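Colleague: I would like to go through this model with you. Can we take one question at a time?

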Amino acid sequence: MCGIVGAVAKRNVVPILLQGLQRLEYRGYDSAGLVVVNEGKLQRARSTGRVSELTQKSSTTLGELGIAHTRWATHGVPSERNAHPHLSSEQIAVVHNGIIENYEELKQKLSGQGYAFTSDTDTEVIAHLIHSHYKQGKSLLEATQAALAELVGAYAIGVIAADNAHQFIAARKGSPLLLGVGDKENFVASDMSALLAVTRNVVYLEEGDVVEINLDSYRIFDAKGNLVNRPLMVSELSNDSVELGAYRHYMLKEIYEQPQALANTLEAVCNSKSLVPGLFGAEANEAFQLIDRVLILACGTSHNAGMVARYWLEEIAGIPCIVEIASEYRYRTSVADPKTLVVTISQSGETADTLAALNHAKSLGQQHTLAICNVPESAIIRQSKLRFLTRAGPEIGVASTKAFTTQLAGLFLLTLVLAKMRGRLNGEQEQKFLHELRHLPSALQAVLNLAPDIEKLAEQFVNKHHALFLGRGLHYPIAQEGALKLKEISYIHAEAYPAGELKHGPLALVDKEMPVIAVAPNDTLLEKLKSNLQEVRARGGELYVFADANTKIASSEGVHVMQMPEHAGFLSPILHTIPLQLLAYYVALQKGTDVDKPRNLAKSVTVE
Ligand code: G6P
């Protein structure tokens with residue numbers, strides 16, 4: 001999703017801006033641009049290609065003040081004319097993340113004042129609006145504040161003026177933005193990872209903040225215009241682990257990192273003899289005693305993790321659980337219950353819908369909030385009382401892999417802690433689960449060894465247009481995750497169904513052109529699943545079955561069986577995820593799609 005970097009320094013800031021954009025590339029974007037002030041003039045470069053193309057285009061651009069942007073189109077097609085920064089009268093330049101909802105109305109007003117629009121974006125109105133105030137003699141700060149007062153919607157912005165060589169303005173409402181503080185140089189970015197090469201000192205801006213940034217000082221004003229102090233923190237984000245190394249794609253690297261990511265995530269329980277609520281924060285013990293239900297809010301892959309957790313929480317901990325798509329929950333009239341534990345799951349911790357759903361849940365009086373998240377300094381972490389950090393390390397591939405399996409590990413721990421507190425887990429069971437968790441990284445490593453077979457299998461999907469994924473019980477959400485992975489990166493239309501539902505509709509789609517992928521653990525639903533597979537075979541459907549050892553499902557004409565290890569009990573969904581990730585990866589690879597940056601998608605969706 002859109003990224004912002006801004007800098008003021010006593011050196012050329014162009015390399016800083018470009019490096020920052022490069023670090024934000026993983027979020028997904030369709031165009032990029034930057035603007036600097038050079039001898040009283042704005043110098044801009046934009047490109048619809050990669051940041052590397054922008055680097056070539058800006059090889060002669062120089063300046064000690066600049067703002068830069070990667071765009072993910074919302075208003076107006078991806079094109080150079082719609083790429084940010086947007087200018088007004090060659091005087092004001094703006095980069096913007098978010099969506100301005102009243103931009104049409106503002107555009108009409110500004111056109112009436114003689115402003116000519118050169119793009120189809122909502123952002124351009126911000127540039128003209130600021131200019132309309134600036135030309136009346138207001139300072140850049142005042143002009144920006146006046147313009148912001150007229151905007152409806154969400155924004156994080158950076159603003160510079162041609163006649164202001166060492167000062168810029170930034171502001172946020174609804175979209176993330178932070179200030180990086182250097183030694184006689186200052187920066188802004190939408191994500192701390194963009195600034196790690198230049199500073200670790202960070203001020204997280206709050207909702208409605210506007211900041212005036214100079215070479216060796218800055219002033220922050222809150223939404224009411226009062227001068228405020230925000231804490232200066234030292235970021236602990238790791239600057240490494242984002243190199244591709246020997247791998248061809250980040251997605252493959254991240255699939256292979258899963259044993260280590262799980263080991264890191266489970267580190268806290270590996271050496272302990274028992275499970276404690278403190279794993280989720282100091283206040284967890286008290287909070288967990290006060291709740292009698294769980295509400296999980298998330299989007300995309302994180303939502304699929306929540307769906308698995310629902311089976312665990314109800315069966316093992318005996319606690320009622322609802323899982324909702326965050327973008328639905330935030331607008332639905334729901335029945336709130338203060339005894340609910342509100343769990344948000346998010347890799348990035350910045351997903352706009354999940355963040356809004358969390359705040360909506362809180363506004364309804366549900367104060368027991370827990371974030372399961374991969375980014376320690378993210379908004380969702382900061383806005384939740386309790387937290388569990390998945391230690392997957394930076395995830396760069398847009399299609400989430402290691403974040404998902406580590407989220408599952410965190411959710412399983414939550415289940416066990418709640419089960420123990422509710423008297424549903426005796427000492428022996430606790431030890432057994434702890435043992436299984438410790439064994440998980442090596443079990444997962446064994447599944448990764450299936451990669452060469454799956455690569456071969458993938459050849460049979462390359463010319464398909466549709467695929468159906470089946471699972472039952474705990475593994476139905478895994479079938480959903482498999483379908484999501486395949487559609488995200490190979491662009492093959494894929495749907496998942498609980499296998500028992502096949503006869504109520506999807507069976508009509510089955511013929512020899514429809515590959516059917518089945519997740520077949522050796523659990524209590526195995527015999528039921530086998531009957532469902534017969535239904536598919538009888539209609540000429542080609543079956544691809546990921547079967548645990550001892551399921552007695554054999555390969556035959558039209559039935560391709562991939563042998564998984566022995567059944568892993570409640571942790572089986574984590575193992576069954578791996579072959580589906582690999583399948584999606586190898587199909588996409590053979591189709592030649594952009595695996596790490598699939599078309600139209602973004603890694604971190606910070607707008608609604
Ligand atoms: C985007 C990503 C998905 C991700 C979803 C939720 O759509 O492309 O991979 O699952 O956002 O993201 P989150 O960071 O909240 O887990």
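Modeller: Start with one definition: a residue counts as exposed over 50% relative accessible area, as buried under 20%, and as partly exposed in between. Keep in mind that this is a predicted model.

Colleague: Is N550 buried or exposed?

Modeller: N550 sits in the loop between β24 (542-547) and β25 (559-563). Its relative accessibility is 56%. The cut-off is over 50%, so N550 counts as exposed.

Colleague: What is the phi of N550?

Modeller: Most residues other than glycine have a negative phi. N550 is not a glycine, yet its phi is positive, at about 70 degrees.

Colleague: What is the omega of the peptide bond that joins H84 and P85?

Modeller: Most peptide bonds are trans. The bond between H84 and P85 is cis. P85 is found in the loop between β4 (65-71) and β5 (86-88). For this cis bond, omega is about -5 degrees.

Colleague: How many salt bridges does a search of the whole structure find?

Modeller: One of them pairs R230 with D209, with the closest N and O atoms 2.8 Å apart. Another pairs E488 with K485, at 3.4 Å. The search of the whole structure finds 23.

Colleague: How many residues apart in sequence are the parts that R230 and D209 tie together?

Modeller: R230 and D209 form a salt bridge. R230 lies in the loop between β14 (227-228) and β15 (233-234), and D209 in the loop between β11 (201-204) and β12 (210-214). Both residues are buried. Because they sit in these two loops, the pair ties together parts that are 21 residues apart.

Colleague: In which helix do E488 and K485 lie?

Modeller: E488 and K485 form a salt bridge. Both are buried. They are 3 residues apart, about one turn of the helix, and that helix is α17 (residues 476-490).

Colleague: About how many helical turns separate E436 and K432?

Modeller: Their side chains meet in a salt bridge of 3.4 Å, N to O. E436 is partly exposed at 23%, and K432 is partly exposed at 46%. The two are 4 residues apart in helix α15 (residues 427-448), so the separation is about one helical turn.

Colleague: How far apart are the C-alpha atoms of T265 and A409?

Modeller: T265 lies in helix α7 (residues 258-265) and is buried, with a relative accessible area of 5%. Leaving out residues up to four places away in sequence, T265 touches several residues, including F388, T406 and A409. T265 and A409 are 144 residues apart along the chain, but their C-alpha atoms are separated by 7.5 Å.

Technical notes
Residues are numbered from 1 along each chain as its sequence is written. This is a predicted model: local features need pLDDT of at least 70, side-chain atom pairs count only at pLDDT 80 or more; totals for chains, interfaces and linings use all residues. Side-chain values use heavy atoms; hydrogens and water are left out. A salt bridge is a side-chain nitrogen of Lys or Arg within 4 Å of a carboxyl oxygen of Asp or Glu. Buried means under 20% relative accessible area, exposed over 50%, partly exposed in between (1.4 Å probe, protein chains only). Contact means heavy atoms within 4.5 Å.
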